[in-house]
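Reader: I am new to this structure and would like to learn how to read it. Could you take me through some features one at a time?

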Amino acid sequence: MIRTRLTELLGIRHPVVQAAMGYVSGPRLAAATSNAGGLGQIASATMSLAELAAAIAETAGRTSAPFGVNLRADAPDAAERVKLIIAGRVPVASFAQAPRPELIAALKEAGVVTIASAGARRHAEKAVAWGIDAVIATGSEGGGHVGAVPTSLLIPQVAAAVDVPVIAAGGFCDGRGLVAALAWGAAGIAMGTRFLLTSDSPVPDAVKHLYLAAALDGTVVTAQVDGVPHRVLRTIMVDRIIGDGGAGGGGTGGEVTDTPVLLRAAMVEGRTDLGLMPAGQVAG
Ligand SMILES: Cc1cc2nc3c(=O)[nH]c(=O)nc-3n(C[C@H](O)[C@H](O)[C@H](O)COP(=O)(O)O)c2cc1C
């Protein structure tokens with residue numbers, strides 16, 4: 001058993017968090033992770049309020065262990081989502097992108113543990129000043145929305161800068177990575193891509209096979225998808241979106257704004273040809 005400030009804070013058996021993934025981390029994956037001793041999380045950004053309420057109830061029915069809900073603080077109905085989390089007695093709430101102080105305060109007052117996401121030290125420091133209980137620091141290797149600093153450099157820097165438990169993310173898939181993260185000063189790890197590829201993940205097999213076929217250079221970061229840097233599997237469709245400029249958000253392709261529709265096409269419908277597949281370099 002590895003006990004850290006994170007296992008103590010969350011009341012979990014292993015310092016492993018399942019990262020939030022839209023259309024991927026619903027009740028089935030979240031509950032399976034929590035039952036196995038990690039922290040499972042429901043990704044709520046792609047859910048309606050009613051779907052979130054149902055997902056919370058279903059997850060609570062599948063596990064008696066702690067689990068979390070991940071939400072966007074900039075969602076127009078963020079305050080209502082926080083109310084659902086509190087009413088559902090969800091033990092943990094994590095923020096995708098920047099949190100908001102009043103949401104942190106409401107959650108903490110109700111006894112919910114709060115976690116922020118940070119891709120840079122200053123984001124972590126800001127969230128801690130607002131009273132956040134823990135920080136997930138995600139390096140540029142990670143899948144989905146990412147910053148510019150690699151995990152190996154970001155984690156030691158953030159861990160030295162803040163006094164709350166730091167959860168390292170971006171590029172983890174095994175126990176060696178967990179040991180490295182602990183050595184860098186983190187109190188645990190979060191993994192997305194690795195959990196997408198488990199048997200408890202609802203993602204269609206055709207999509208899982210594409211991830212498994214990717215090499216270390218099989219992903220690309222582009223801002224052409226939704227305006228912010230996003231690491232995705234490099235498919236023919238992605239190449240078309242980013243145009244001739246290639247990696248790093250360059251290129252001449254038009255910006256596609258309907259990310260949830262493209263995400264759903266891959267993760268729910270298994271459309272590897274037209275779906276968008278966020279992926280960490282660790283897929284390789
Ligand atoms: C398929 C997929 C979907 C994701 N969707 C979300 C999301 O909806 N919200 C979010 O905050 N992060 C999302 N992420 C990012 C993850 O939460 C996490 O930061 C990332 O997977 C960590 O890097 P790793 O893939 O190397 O483990 C997604 C990642 C993947 C792979």
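Author: Start with helix packing. Axes are lines fitted to C-alpha atoms, for helices over the stretch in contact, and the angle between two of them runs from 0 to 180 degrees between N-to-C directions. Note too that this is a predicted model.

Reader: At what angle do α6 and α7 pack, and how far apart are their axes?

Author: Two packed helices are described by the angle between their axes and the distance between the axes. Here helix α6 (residues 121-129) packs with α7 at an angle of about 30°, and the axes are 9 Å apart.

Reader: Why are α6 and α7 called roughly parallel?

Author: Angles under 35 degrees count as roughly parallel. The angle between α6 and α7 is about 30°, and therefore these two helices are roughly parallel to each other. Their crossing is right-handed.

Reader: Which residues of α6 and α7 meet?

Author: From α6 come Arg121, Ala124 and Glu125, and they meet Leu154, Gln157, Val158 and Ala161 in α7. Sorted by class, the contact of α6 with α7 has four nonpolar, one polar and two charged residues.

Reader: How do α3 and α4 pack: at what angle, and with what distance between axes?

Author: Helix α3 covers residues 49-62 and helix α4 residues 78-87; they pack at an angle of about 20°, with their axes 10 Å apart. α3 and α4 are therefore roughly parallel to each other. The crossing in which α3 passes α4 is right-handed. On the α3 side, Leu49, Leu52, Ala53 and Ile56 meet Glu80, Arg81, Leu84 and Ile85 of α4. The residues of this contact divide into six nonpolar, no polar and two charged.

Reader: What is the angle between α4 and α5?

Author: α4 and α5 pack at about 15°, with axes 10 Å apart. The two are therefore roughly parallel to each other, and the crossing of α4 and α5 is right-handed. Ala78, Ala79, Val82, Ile85 and Ile86 of α4 make the contact with Leu103, Ala106 and Leu107 of α5. By class, the contact of α4 with α5 has eight nonpolar, no polar and no charged residues.

Reader: Next, the single residues. Is Leu52 buried or exposed?

Author: Buried means under 20% relative accessible area. Leu52 has 0%, so Leu52 is buried. Leu52 lies in helix α3. Apart from neighbours within four places in sequence, Leu52 is in contact with Ile42, Ser44, Met47, Val69, Arg81 and Leu84. Val69 is 17 residues from Leu52 along the chain, and their C-alpha atoms are separated by 8.9 Å.

Reader: Where does Gly37 lie?

Author: Gly37 is in the loop between α2 (27-35) and β2 (40-43). Its relative accessibility is 3%, so Gly37 counts as buried. Setting aside neighbours within four places in sequence, Gly37 is in contact with Ile12, Arg13 and His14. From Gly37 to Val16 it is 21 residues in sequence and 8.1 Å in space, C-alpha to C-alpha.

Reader: Which residues touch the most other members of the largest nonpolar core?

Author: The largest nonpolar core here has 59 residues, and Ile42, Ile85, Phe95, Ile189, Tyr211 and Met267 touch the most other members. Helix α7 (residues 151-161) gives the most to this core, with four residues. Apart from this core lies another, of 14 residues, among them Ile12, Val92, Ala169 and Ala187.

Reader: What does Ile85 touch?

Author: Not counting residues up to four places away in sequence, Ile85 touches Ile56, Val69, Leu71, Val90, Ala93, Leu107 and Val112. Ile85 also belongs to the contact of α3 with α4 and to the contact of α4 with α5.

Reader: Last, the backbone angles. What is the phi of Arg89?

Author: Phi of Arg89 is near 55°, a positive value in a residue other than glycine. Arg89 sits in the loop between α4 and β4 (92-96). With 73% relative accessibility, Arg89 counts as exposed. Gln97 has a positive phi of about 60° although it is not a glycine. Gln97 is in the loop between β4 and α5 (101-109), and with a relative accessible area of 32% Gln97 is partly exposed.

Conventions. Residues are numbered from 1 along each chain as its sequence is written. This is a predicted model: local features need pLDDT of at least 70, side-chain atom pairs count only at pLDDT 80 or more; totals for chains, interfaces and linings use all residues. Side-chain values use heavy atoms; hydrogens and water are left out. A nonpolar core is a set of buried Ala, Val, Leu, Ile, Met, Phe, Trp, Tyr and Cys residues joined through side-chain atoms within 4.5 Å. Buried means under 20% relative accessible area, exposed over 50%, partly exposed in between (1.4 Å probe, protein chains only). Contact means heavy atoms within 4.5 Å. Angles under 35 degrees count as roughly parallel, over 145 as roughly antiparallel, 65 to 115 as roughly perpendicular and the rest as oblique. A crossing is left-handed if the near helix is turned anticlockwise from the far one by less than a right angle, and right-handed if clockwise. Ala, Val, Leu, Ile, Met, Phe, Trp, Tyr, Cys and Pro count as nonpolar, Asp, Glu, Lys and Arg as charged, and the others, Gly among them, as polar.
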